[in-house]
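Hi,

Here is the structure I promised to pass on.

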Amino acid sequence: MKRFLPISLVMLLAGWFSETRAQHAEQASRWADSLLSRMTVEEKIGQMTLIDLGVVAKGKPCALELPQAIDNDKLRMALQRYHVGNILNTGCGSGAMTLENWRRIIRTIQEENQAINRHGISILYGIDAIHGANYTLGSTLFPQQLAQAASWNPELVERVNRASAYETRAAGIPWNFSPVLDLGRQPLWSRFFETYGEDVYLATTMGQAAIRGLQGESLSSPYSVAACLKHFAGYSMPLSGKDRTPAWIPERELREYFLPPFAAAFNAGAATTMINSGDISGTPVHVDSFMLQQVLRREMGFKGLAVTDWEDIYKLSDIHRVAANRKEAVRMAIEAGIDMSMTPNDFQFNDLLLDLVKEGRIPESRLDVSVKRILLLKRQLGLFEQTTFADSFYTAVGSEAHRKLSYDAAVASITLLKNENNTLPLENTRQRWAICGPGAHSMHLLNGAWSRSWQGTDTTYRHEGRKTIAQAMQDNLGDQLRVLPAFPDATQLKKTMRAADGIIVCLAEKPGTEIPCNIDALDLPADQKKLVADALAIGKPVVLVCTFNRPLIITEEVEKAAAVLYTYLPGDEGGRATADILSGKASPGGRLPFTYPRSSGDIVHYDRKHTENMYSDFSANGYRPLFDFAHGLSYLTHVAYAVKVSDSVLNDSNFIQLQFTVLHSGSLSGQLTVPVYYSRAYASITPPVKKLIRFVTVEREPGHSNQTFAFALRKSDFSFINRRMERVSEPGPVTLYIGDFTKQITIR
Ligand code: GLC
């Protein structure tokens, strides 16, 4: 019999906790003020400086000796003359290194710093560990963010981030430049795969899960890292689709779509944020006090550290041209609210800021605001007590358990888009299949950028025991499978297909991120288009496997293919996960976290407006995606039914309970997702045709079962941003959609 604490005791405990937390915060604040009072201006500026490892490593910048090693003279100069407080990454993108080498480097830096820094302020080391501790050789590489979003499984995303945090901190690195909370609504953008997709609610839910995973219960835990929400904000919507080019986002759209995932993640306790390199409607965010003070600090209440992105203070004068020179750029960025400069390759920032303080153009008190945030973060991370933990704390880096988690995440993400006549799964059909395509024989294409190197382009990348799609298919189908080269010649293809019942064509997109991965159109590369056309011309079933960063246009190919599997960038276990789904050992769990366009010029999102819907005979406006948002087929069958709604009127003081049952049946285990949408009949701002408001994802064991779910929906769940930039939930009729079920309610 469960016993509950009396409400009075709960209230008392809650009050005690909040008072204790306030006392701790007050104590920490006094501690930081005391330390600040003993610091020189130069030391404060050093704490506001983040340099790349390459500045203190052996070799020339961006041509380091490998494996990376510390150049003690360079390190001493950075610490003694510039009092640098923070270092990042692997040295000018020079790539991953072993865990042992990371530990050697981090311990050398921390020990040298302890000998030099007269206040005992440790170095804060930061890195991009965006789908595992990618820059540590042998670490677990998980599916990239867009794939994780496709799992619609926040609990799984939390576990993936917990394992990433573990393997990152194992190297002595307590700060992870992750997650990306930019909304994926511009599929041309080179970093689309780094987002959680196009929907605010899905991205918000996944972002909160990532924060829970990365930061855990305490930042000082040996298994936690400080998260870094990026890139605040509006970075993912460049008008041209090209990285770091102007985003034309009116304030209402900014508040409706691009800010909520950040606000929710800050509320979930995110410790730091990285600022968008681009501009919003002509104002670079790095000088935008509206964004950095009004929105970030006053509205969102964020009290943590705001760090620039790469060299973004210099770019204010060099690229954006909003500052006459770099000194003016430093003044503008610090005045706007930047706390730390990812400079990252020199000390000009330090010299310029020192001049500005000496000239009285930046008051020292302004530096104190930023340095206090940095000191408090280092204190929360436990860096004043212990900078690294014994190697024995970390026995699970690259472990079987983490590997299994990566595999499960890939299976839960991979999305079955088409399956004509139940072509899939292949196993037990005793058919003979061929496999080819660039994605069939590659490990680096399964991972994409931000893997063992920045752009992820190392075609020789291998990871002991991890399999390509072709290798894993060979394990599953044995002599039923003929493995062809990526691009077999026509004769070889025809000859093989005479003895085969069908062919699997594994398509892939070259890895890359940021400006180097800009494209002019979402077209599938010509050689892959031809490969699919040749395969289709043979007249036997063609199964397409798509390992893309973004939704490349495959409309013609899909219409003729028998089945289509979209893997996103599924990580190191993606070969095995894809093969197990193709051959029926696992059921694909994913659903699209974006709307799949039919052509490059037809980018319309599921939460489109009614003017984007087909109406009357102007069908050219019509919303006709290749595949809809949340589309995903499964080998399990399920239906949501018996939906009950506790009330049909919603007002400021009540809530509606929505209850429904999911019936599942199938011979495989796997997960099922049921999205819940709503639409408004009308509103003061054009309402979306439909909008995601909740979803449930259940993991099912084989057999028949059903499970009932209940959600509380409040009036605020139906809110939007009106013309006066207020978040409102206007009265009026609303329709709820769950599967094929609809229910009318009225908001009062
Ligand atoms: C890059 C990226 C950012 C990353 C940073 C450090 O330019 O924009 O996402 O965290 O530099 O590598």
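**Serine 289 and the rest**

Let me start with serine 289: if you skip its neighbours within four places in sequence, serine 289 is in contact with Gln294 and Ala336. Bear in mind throughout that this is a predicted model. Serine 289 belongs to helix α10, which covers residues 289-299.

Histidine 231 brings us to the ligand. There are 14 residues around the ligand, and His231 is listed with Asn89, Asp128, Arg191 and Asp309 as the closest. By type, that shell splits into six nonpolar, two polar and six charged residues. An N or O atom in the side chain of arginine 191 sits 2.7 Å from a ligand oxygen; for arginine 244 the distance is 2.9 Å, and for glutamate 514 it is 3.0 Å. On its own the ligand has 310 Å² of accessible area, and the protein covers 96% of that.

Most peptide bonds are trans, and most residues other than glycine have a negative phi. Against that, lysine 230 and histidine 231 are joined by a cis peptide bond, with omega at about 0°. Histidine 231 is part of strand β7 (residues 228-232). Another cis bond links phenylalanine 232 to alanine 233, with omega at about -20°, and alanine 233 is in the loop between β7 and α8 (251-258).

As for phi, histidine 83 has a positive value of about 50° without being a glycine. You'll find histidine 83 in the loop between α3 (72-81) and β4 (86-88), and it counts as partly exposed because its relative accessibility is 22%. Asparagine 421 also has a positive phi, near 50°. That residue is in the loop between β13 (415-419) and β14 (433-436), and at 72% relative accessibility asparagine 421 counts as exposed.

Finally, the overall layout. The chain divides into domain 1 (46-385), domain 2 (414-613) and domain 3 (636-747). How far apart do the C-alpha centres of domain 2 and domain 3 lie? They are 33 Å apart, and the contact takes 12 residues from domain 2 and 16 residues from domain 3.

Cheers

Notes:
Residues numbered from 1 in each chain as written. Predicted model: local features only at pLDDT ≥ 70, side-chain atom pairs only at ≥ 80, totals over all residues. Heavy atoms only, no water. Near = heavy atom within 4 Å. Polar contact = N/O pair within 3.5 Å; in protein donor to acceptor, adjacent residues only side chain to side chain. Areas by Shrake-Rupley, 256 points an atom, 1.4 Å probe, with all protein chains shown as cover. Nonpolar A, V, L, I, M, F, W, Y, C, P; charged D, E, K, R; others polar. Helix = DSSP H or I, 4+ residues; strand = E, 2+ residues; numbered from the N terminus. Contact = heavy atoms within 4.5 Å. Domains from an automatic or database assignment. Buried < 20%, exposed > 50% of the residue type's maximum accessible area, 1.4 Å probe, protein only.
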